[in-house]
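Take a moment to turn the model around on your screen before reading on. The report below walks through some of its contacts, helices and strands.

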Amino acid sequence: MEASFETLIASYIQNNVGIATDFLSVALCEHLAANILTLEANELLQQAGIGNDNKLQQNALVRRDTIYWLDKKHNNIHEDAFFAKIDAFVLYLNQSCYAGITDYEFHYSLYETGDFYKKHLSIQDLFMFSILN
């Protein structure tokens, strides 16, 4: 497990993006992919927005996908396996890199044909784009 963590860290240092092809198993990826399709079939995905808290808004010029927030409270065996891997990675980062990570959040995103999320550099840039359009 630590080897994939080190691969991610080294890749991030070298390329400003962390890539490790063996971070999640193929089986877990397949189960997570099946989960999102089940969520879609049960109409549990929500239109994605931009911003957060009271500033959350839907803007089809910026983002047109659907999402479902992952939560340990769902007690989904495959999402729990994903969280276990993430927890181990966060612990490793905090111990080896003194990262100080205390929280995180993840969601599924489903992009149908024609859906997109405009490239943005920062929350401020995205907010400005939203205001101007």
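K72 counts as partly exposed because its relative accessibility is 41%. The scale behind that word is simple: buried means under 20% relative accessible area, exposed means over 50%, and partly exposed is in between, using a 1.4 Å probe and protein chains only. D87 counts as partly exposed too, at 31% relative accessibility.

The side chains of K72 and D87 meet in a salt bridge, with N and O 2.9 Å apart. K72 sits in the loop between β2 and α3 while D87 belongs to helix α3, so this pair ties together parts that are 15 residues apart in sequence. A salt bridge here is a side-chain nitrogen of Lys or Arg within 4 Å of a carboxyl oxygen of Asp or Glu. Helix and strand names come from DSSP runs numbered from the N terminus: helices are H or I runs of at least four residues, and strands are E runs of at least two.

How many salt bridges does a search of the whole structure find? The search finds two. R63 forms one with D65, where the closest N and O atoms are 2.7 Å apart. Both R63 and D65 are buried.

## How to read the model

This is a predicted model, in which local features need pLDDT of at least 70 and side-chain atom pairs count only at pLDDT 80 or more, while totals for chains, interfaces and linings use all residues. Residues are numbered from 1 along each chain as its sequence is written, and side-chain values use heavy atoms, leaving out hydrogens and water.

## Helix α1 and its two sides

Helix α1 covers residues 2-15, and its 14 residues should span 20 Å at 1.5 Å a residue; the end C-alpha atoms are 20 Å apart, which agrees. The expected span is 1.5 Å times one less than the number of residues.

Which residues of α1 are buried? They are S4, F5, L8, I9 and S11. Looking down the axis of α1, these buried residues fall within an arc of 165°, so they line one face of the helix. That arc is taken from the directions from the helix axis to the C-beta atoms. Helix α3 (77-96) is part of what covers the buried residues, where contact means heavy atoms within 4.5 Å. On the other side of α1, E2, A3, I13 and Q14 are exposed. Just after the helix, N16 takes a positive phi of about 65°.

## Strands side by side

Strands β1 (residues 46-47) and β2 (residues 66-69) run antiparallel and are joined by two bridges. Two strands pair if DSSP finds at least two bridges between them. In this pairing, Q46 stands opposite I67 of β2.

β2 also pairs with β3 (residues 107-110) in the antiparallel sense, over four bridges. Here Y68 stands opposite Y108 in β3.

## Aromatic rings

Rings of Phe, Tyr and Trp (its six-membered ring) pair if their centres lie within 6.5 Å; planes under 30 degrees apart count as stacked, over 60 as edge-to-face and the rest as tilted. By this rule there are nine aromatic pairs. One of them, F82 with F106, is edge-to-face, at 5.0 Å centre to centre and 90° between the planes. F82 lies in helix α3 and F106 in the loop between α3 and β3, 24 residues apart. F82 is buried at 11% relative accessible area, whereas F106 is partly exposed at 26%.

The rings of F83 and Y104 have centres 6.1 Å apart and planes at 25°, so this pair is stacked. Ring pairs also link F5, F23, F89 and Y92 into a cluster.
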